[in-house]
Amino acid sequence: MARGSTTTRSESDAAESLIGRGARIRGRVHGDGSLRVEGSVEGDIQLTGDLEIEDGASVTGDVEASSLVVAGQLTGDVTSRGSVTIRATAQYAGNVGGSEVILEEGAAFAGRIEAEFDLPAELSERPGGRGQGSRREPAGR
């Protein structure tokens with residue numbers, strides 16, 4: 001009786017897809033699971049999982065994902081249900097929205113960031129005693 005491998009892959013490993021170096025995709029990409037882009041995508045990407053754009057890779061289109069890490073080039077608007085990390089090697093042009101946005105020093109960024117955050121107490125108190133508390137603020141340009 002033949003048996004399969006006794007090693008099991010985690011659910012996140014099994015659901016990860018790869019667009020390899022040298023691959024060029026034109027058109028809309030959507031699906032369940034996560035995606036790592038090492039090549040080029042021209043079109044919108046919509047995922048239930050995470051998206052990673054590697055250094056040297058490029059994506060031109062709007063992105064919707066659970067979380068996003070950009071180390072390569074991205075041109076388009078991003079909507080993330082989780083964190084968005086723009087690495088120092090990234091070149092990003094577009095608007096980004098997520099629960100947390102991390103912009104590393106050295107990254108090239110042109111756009112608008114929308115994230116919910118709490119202002120520190122010293123900034124939330126305005127002259128006249130009217131505090132603002134938690135606010136949604138667009139940042140950057």
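Leaving out its neighbours within four places in sequence, Thr 79 is in contact with Val 63, Glu 64, Ala 65 and Gly 97. This is a predicted model. The mean pLDDT of the protein chain is 82.

- Thr 79 sits in strand 12, which covers residues 78–80.
- Thr 79 and Ser 66 are 13 residues apart in sequence. In space, their C-alpha atoms are 8.5 Å apart.

**The aromatic pair**
- The count of aromatic pairs comes to one.
- Tyr 92 and Phe 109 form this pair, and it is stacked. Their ring centres are 5.5 Å apart, with 15° between the planes.
- Tyr 92 belongs to strand 14 (residues 91–93), and Phe 109 to strand 17 (residues 108–110), so the pair ties together parts that are 17 residues apart in sequence.
- Tyr 92 has a relative accessible area of 3%. Buried means under 20%, so Tyr 92 counts as buried.

**Confidence along the chain**
- In the protein chain, 75% of residues reach a pLDDT of 70 or more.
- Over residues 1–14, the pLDDT is below 50. Beyond near neighbours in sequence, this stretch has one contact in the model.
- Residues 129–136 also have a pLDDT below 50.

Terms used:
Residues are numbered from 1 along each chain as its sequence is written. This is a predicted model: local features need pLDDT of at least 70, side-chain atom pairs count only at pLDDT 80 or more; totals for chains, interfaces and linings use all residues. Side-chain values use heavy atoms; hydrogens and water are left out. Helices (H or I, at least four residues) and strands (E, at least two) are DSSP runs, numbered from the N terminus. Contact means heavy atoms within 4.5 Å. Rings of Phe, Tyr and Trp (its six-membered ring) pair if their centres lie within 6.5 Å; planes under 30 degrees apart count as stacked, over 60 as edge-to-face and the rest as tilted. Buried means under 20% relative accessible area, exposed over 50%, partly exposed in between (1.4 Å probe, protein chains only). pLDDT is the predictor's confidence in each residue, from 0 to 100.
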